[in-house]
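Here is a brief report for a reader new to this structure. It starts with the sheet and then turns to the helices.

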Amino acid sequence: MEERSELRTILTADIPGFSGRMKDDPESILRLLVDGFYAIVDRHVRTHGGTVFRKEGDAVWCMFGSVVSAVRAAAGIQEDILVRNSREGEGGRFSLRMGLDVGDVLLRPDGDVLGHALSVAKRLETACEPG
């Protein structure tokens with residue numbers, strides 16, 4: 001595959017306060033991350049035709065060919081986290097922030113994705129109130 005530029009919708013998400021919680025109980029928090037957050041995100045991104053192209057600790061970066069698909073995935077993620085949190089004890093709950101932007105991205109042969117849309121989506125995510 002050659003390097004190419006494509007119009008994509010970028011969705012970013014992270015768990016606010018994750019690093020602080022890791023200090024208290026790393027094993028439980030890593031299980032929450034993998035079995036909770038990653039599983040929910042992966043399922044909704046795949047269901048709506050997207051790709052998770054990067055995971056960095058508690059942050060995920062996703063890409064979609066359609067804005068509608070990205071919004072549907074984001075709504076599904078939020079809904080599943082609310083349901084999950086209603087069943088968990090205080091220590092197993094987590095909140096989420098998400099950002100979304102559309103723009104040209106550079107798709108690299110090594111699977112990396114670069115572009116202004118990633119920066120804008122991340123800035124919007126960090127500006128959100130956790131919920």
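## The sheet

Two strands count as paired if DSSP finds at least two bridges between them. By that rule, this predicted model has an open sheet of five strands. Their order is β2-β3-β1-β4-β5, and the pairing is antiparallel.

β2 (51-56) and β5 (113-114) stand at the edges. Each has a single partner strand, so one side of each is left without a neighbour in the sheet.

## Strand β1

Which strands pair with β1? One is β4, residues 97-107, which joins β1 in the antiparallel sense over 11 bridges. Ser5, for example, has Leu106 of β4 as its bridge partner. Another is β3, residues 59-64, which also runs antiparallel to β1 and is joined to β1 by five bridges. Here Thr9 has Phe64 of β3 as its bridge partner.

Is β1 mostly buried or exposed? Strand β1 covers residues 4-14, and eight of its 11 residues are buried. It is therefore largely enclosed by the rest of the structure.

## Helix α3

Helix α3 runs from residue 67 to residue 87 and has 21 residues. From its first C-alpha to its last, α3 reaches 31 Å. That is close to the 30 Å expected at 1.5 Å a residue. At the start of the helix, a side-chain oxygen of Ser66 comes to within 3.2 Å of the backbone nitrogen of Val68.

## Two sides of α3

Where do the buried residues of α3 lie? They are Ser69, Ala70, Ala73, Ala74, Gly76, Ile77, Ile81, Arg84 and Asn85. Seen down the axis of α3, these residues fall within an arc of 165°, so they line one face of the helix. An α-helix has 3.6 residues a turn, so residues three or four places apart point the same way.

The buried residues of α3 pack against β1, α2 (26-47), β3 and β4. On the other side of α3, Arg72, Glu79, Leu82 and Ser86 are exposed.

## Helices against the sheet

α3 lies across β1, β3 and β4. It runs at about 150° to β4.

Helix α4, residues 116-127, packs on the sheet as well. It touches β1, β2, β3, β4 and β5. The direction of α4 makes about 175° with that of β4.

Terms used: Residues numbered from 1 in each chain as written. Predicted model: local features only at pLDDT ≥ 70, side-chain atom pairs only at ≥ 80, totals over all residues. Heavy atoms only, no water. Buried < 20%, exposed > 50% of the residue type's maximum accessible area, 1.4 Å probe, protein only. Helix = DSSP H or I, 4+ residues; strand = E, 2+ residues; numbered from the N terminus. Expected span 1.5 Å × (residues − 1). Arc of directions from axis to C-beta. Contact = heavy atoms within 4.5 Å. Polar contact = N/O pair within 3.5 Å; in protein donor to acceptor, adjacent residues only side chain to side chain. Axes fitted to C-alpha atoms, helices over the stretch in contact; angles between N-to-C directions.
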